[in-house]
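Please keep the model open while reading.

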Amino acid sequence: MNKKKIMAVPTVCFWGVIAACFLGIIVGSFFDFGINEALANKTDIGAFFATYGSYFSYCLYPAAGSCLFVGLRKKGDCYRILAYTLLVLSLFMAVYYSNSYNGKSVRQLFGYSAGQSSPILSVASWMFWVVLYSWIPFVMIRLLDDRNPDRLIAVGAAILIAGITADNVNSWLKQVASRPRYKYLITLDDPISQFRNWWQMVPNLAGSDDNFKSWPSGNMTIASMMFSLPMLANVMRKRSERKNVICFIIACLYVLIYGYNRIHMTNHFLSDVCFGTLITYLIYVAVSEAFLSASKTD
């Protein structure tokens with residue numbers, strides 16, 4: 001008898017993530033400010049990870065597009081145009097999100113200055129991301145098992161749709177909460193007087209001011225995409241439950257490091273990190289379960 005799996009790993013893994021997030025939220029609700037006082041310390045290594053650490057999560061977009069491509073091509077030539085369109089779109093999503101969140105740092109790396117430098121440098125900074133992600137489809141297409149195209153399509157669609165949904169939900173919640181970031185508070189004469197807990201929301205106060213977009217952590221939305229890694233491993237040719245669990249452990253370690261980085265670099269509080277992880281994880285679980293159940297029914 002097959003044991004129940006959630007996102008290709010045993011249910012105990014699901015409950016472990018949920019319990020860890022709730023524990024962090026409870027602790028953060030009482031000690032958010034004190035934890036940041038103890039851990040906050042900007043470093044060059046931390047800044048590098050904050051800029052490029054999301055790369056591994058965004059690799060999942062072209063990987064998901066590869067699943068759709070292989071699954072649709074297996075369904076027949078009538079899906080050829082759709083298959084290529086979704087593959088290109090998934091690659092574009094990775095490039096677009098990376099450039100939107102971290103493009104400024106890369107443009108500085110290329111020496112680009114808006115209004116002064118040649119537009120070619122701006123194009124070069126964009127192509128930097130294209131090069132970083134373009135290898136993924138070539139590798140994934142060779143590794144995927146195409147014997148069950150419906151499952152490939154379900155996994156690919158779930159990752160893409162859940163990723164977009166989670167990003168928009170967290171962006172909306174940031175506006176609803178408009179919580180001041182720690183990095184903003186420490187610029188004030190009396191930081192603790194302006195500190196607000198996550199439930200003390202002032203809707204739409206933030207506007208376009210990033211200083212008031214602390215809760216929930218959008219970067220943890222990006223990091224938590226890694227929890228879909230076991231689903232990808234489960235549609236590979238040489239798959240096994242052991243590999244799925246290893247991928248889950250890798251995802252957990254990645255999320256922990258990313259969460260620490262957000263606090264360490266003064267961008268977020270512990271409760272921000274845990275809420276961002278919890279919300280994204282639940283969205284991925286709900287969407288993936290819906291798509292995978294539909295593929296089994298079909």
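## Basis of the model

The model is predicted, so that local features need pLDDT of at least 70 and side-chain atom pairs count only at pLDDT 80 or more, while totals for chains, interfaces and linings use all residues. Residues are numbered from 1 along each chain as its sequence is written, and side-chain values use heavy atoms, with hydrogens and water left out.

## Two helix pairs involving H12

Helices are DSSP runs (H or I, at least four residues) numbered from the N terminus, and their axes are lines fitted to C-alpha atoms over the stretch in contact, with angles from 0 to 180 degrees between N-to-C directions. Helix H2 (residues 44–52) packs on helix H12 (residues 241–264) at an angle of about 120°, the axes lying 10 Å apart. That makes H2 oblique to H12, given that angles under 35 degrees count as roughly parallel, over 145 as roughly antiparallel, 65 to 115 as roughly perpendicular and the rest as oblique. Gly46, Phe49 and Ala50 of H2 make the contact with Tyr254, Ile257, Tyr258, Asn261 and Arg262 of H12, where contact means heavy atoms within 4.5 Å.

The axes of helix H1 (residues 11–39) and H12 come within 12 Å and cross at roughly 15°; H1 and H12 are therefore roughly parallel to each other. On the H1 side the contact is made by Cys13, Val17, Ile35, Asn36 and Leu39, and on the H12 side by Phe248, Tyr260, Ile263 and His264.

## The largest cavity

A cavity is a set of points on a 1 Å grid over the protein atoms alone where a 1.4 Å probe fits but cannot get out, and lining residues have an atom within 4 Å of a point. The structure holds one cavity of 30 Å³ or more, and about 50 Å³ of space lies in the largest cavity, a volume being the space filled by probe spheres set on grid points joined across faces, edges and corners. Its lining consists of Tyr58, Tyr61, Tyr97, Tyr101, Gly163, Asp167, Thr221, Ile222 and Met225.

## The largest pocket

A pocket is an open set of points with protein on both sides within 12 Å along at least five of seven lines. The largest pocket has a volume of about 860 Å³ and is lined by 30 residues, of which Tyr101, Arg181, Asp210, Asn219 and Arg262 lie nearest its centre. H5 gives the most to this lining, with ten residues.
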